[in-house]
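Here's a quick tour of the fold, a couple of helix contacts and a few residues worth a look. Keep the viewer open as you read.

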Amino acid sequence: RLGRAPLFARLFHERSPVAFGLKMAELCAGGALVGHEPGLAFVAGYFTHLCLDRALCPKLEALASRLKRPKETIAVARHRIEWSQALLYQRELYGADLLGEAQLRSKMQLTKRGVQARGVGRGLYEGIRLGCEEVHGRAPSKLQVDSWVRGLYLQALLMSSPLGRAWGVAVGAGLERRDIFRGPELDLAAEVESALALARQILARLWALMAQGRFTARARARFLDDFPEGGLMGCAASSRMVADVVR
């Protein structure tokens, strides 16, 4: 859980994440702050992340409760399992284990004008600031946001090094593939594909809103009917949208 996580990690994950995403979509619709295509990329990444988190977190919580070691906290168990799931998924997706390989950096990096980014541009930061202030009543400083981007950069360096490989193997020791990735009770890759299918539906709705520039209270309410507000564990997409994905 996020009880001891930094303030903005808790706010982004547990308090009105959909409202924040809608505000960012509204701010990016005209391309005034970050440009049209970068704005679309940010909104698409944000809502895809949200769909994946909502789909996978309840299953991760159940696995952590079942597979945690004696005297191990749920939070530590979740970290071990989530890390191991990520490794197994990337092996299936790319056909190779990229941990400890330089190629991994290209999968994790953020770029700005073709160059590795170690911070965010002023326009994107202003969008984040305005969205946070409206939804949460407070916003991170640009230095904070830049530190998050630099943290990803440093993590990519670590994970693509021999030290990263050794650390990753140690974290996932003792977990069985059939329990946490593909077995009688769980098919993680299938869950990811289902979440991505839902994300495509959500993004199609958002694209219509952004193209029309109609972020009225009524339009927001209709969107929230299909993709309700709530934290990661508290809410999933409506049964109607899930049924559409299954069909």
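This is a predicted model: local features need pLDDT of at least 70, side-chain atom pairs count only at pLDDT 80 or more; totals for chains, interfaces and linings use all residues.

Arg220 itself belongs to α11, which covers residues 217-226. From there we can go out to the whole chain, then on to the helix contacts and some loop residues.

**The chain as a whole**

- The protein chain has twelve helices and two strands.
- Going along the sequence, the order is α-α-α-α-α-β-β-α-α-α-α-α-α-α.
- Of its 247 residues, 40% count as buried.
- Take the contacts between residues at least 6 apart in sequence, and 68% of them join residues at least 24 apart.

- Is Arg220 buried or exposed? Arg220 counts as buried, because its relative accessibility is 18% and the cut-off for buried is under 20%.
- Setting aside neighbours within four places in sequence, Arg220 is in contact with Leu22, Lys23, Glu26 and Phe215.
- Leu22, Lys23 and Glu26 also turn up in the contact between the two helices, where α2 brings Val18, Leu22, Lys23 and Glu26 to meet Arg220, Phe223 and Leu224 of α11.
- By class, that α2/α11 contact has four nonpolar, no polar and three charged residues.
- As for geometry, the axes of α2 and α11 come within 12 Å and cross at roughly 135°, so α2 is oblique to α11.
- The α2/α11 crossing is right-handed.

**The α2/α3 contact**

- Helix α2 (residues 17-29) also packs against α3 (residues 36-67), with axes that come within 9 Å and cross at roughly 165°.
- How does α2 run relative to α3, roughly parallel or roughly antiparallel? At that angle α2 is roughly antiparallel to α3, because angles over 145 degrees count that way.
- This crossing of α2 and α3 is left-handed.
- On the α2 side, the contact is made by Pro17, Val18, Phe20, Gly21, Leu22, Met24, Ala25, Cys28 and Ala29.
- On the α3 side, the contributors are His36, Gly39, Phe42, Val43, Tyr46, Phe47, Leu50 and Arg54.
- Sorted by class, the α2/α3 contact comes out at 13 nonpolar, three polar and one charged residues.
- Val18 and Leu22 are listed for α2 in its contact with α3 and again in its contact with α11.

- Asp97 sits in the loop between α4 (74-94) and α5 (103-108).
- With a relative accessible area of 26%, Asp97 is partly exposed.
- Which residues does Asp97 contact, leaving aside neighbours within four places in sequence? They are Gln90, Arg91 and Arg165.
- With Arg91, there is a side-chain to side-chain polar contact of 3.2 Å.
- Arg165 is 68 residues from Asp97 in sequence, with 9.6 Å between their C-alpha atoms.
- The Asp97 side chain also has a polar atom 3.1 Å from the backbone nitrogen of Leu99.
- Gln90 is in helix α4 and is buried, at 12% relative accessible area.
- A polar atom of the Gln90 side chain lies 3.2 Å from the backbone nitrogen of Leu98.
- Again leaving out neighbours within four places in sequence, Gln90 is in contact with Gly95, Ala96, Asp97, Leu98 and Leu99.

**His49 on α3**

- His49 is part of helix α3 and is partly exposed, with a relative accessible area of 44%.
- His49 and Ala195 are 146 residues apart along the chain, yet their C-alpha atoms are separated by 9.4 Å.

- Most residues other than glycine have a negative phi.
- Where is Ser16 found? Look in the loop between α1 (7-14) and α2, where Ser16 is partly exposed at 25% relative accessible area.
- Lys71 is another non-glycine residue with a positive phi, near 70°.
- Lys71 lies in the loop between α3 and α4 and is exposed, with a relative accessible area of 86%.

Methods. Residues are numbered from 1 along each chain as its sequence is written. Side-chain values use heavy atoms; hydrogens and water are left out. Helices (H or I, at least four residues) and strands (E, at least two) are DSSP runs, numbered from the N terminus. Buried means under 20% relative accessible area, exposed over 50%, partly exposed in between (1.4 Å probe, protein chains only). Contact means heavy atoms within 4.5 Å. Axes are lines fitted to C-alpha atoms, for helices over the stretch in contact, and angles run from 0 to 180 degrees between N-to-C directions. Angles under 35 degrees count as roughly parallel, over 145 as roughly antiparallel, 65 to 115 as roughly perpendicular and the rest as oblique. A crossing is left-handed if the near helix is turned anticlockwise from the far one by less than a right angle, and right-handed if clockwise. Ala, Val, Leu, Ile, Met, Phe, Trp, Tyr, Cys and Pro count as nonpolar, Asp, Glu, Lys and Arg as charged, and the others, Gly among them, as polar. A polar contact is a pair of N or O atoms within 3.5 Å; within protein, one must be able to donate a hydrogen and the other to accept it, and residues adjacent in sequence count only if both atoms are side-chain atoms.
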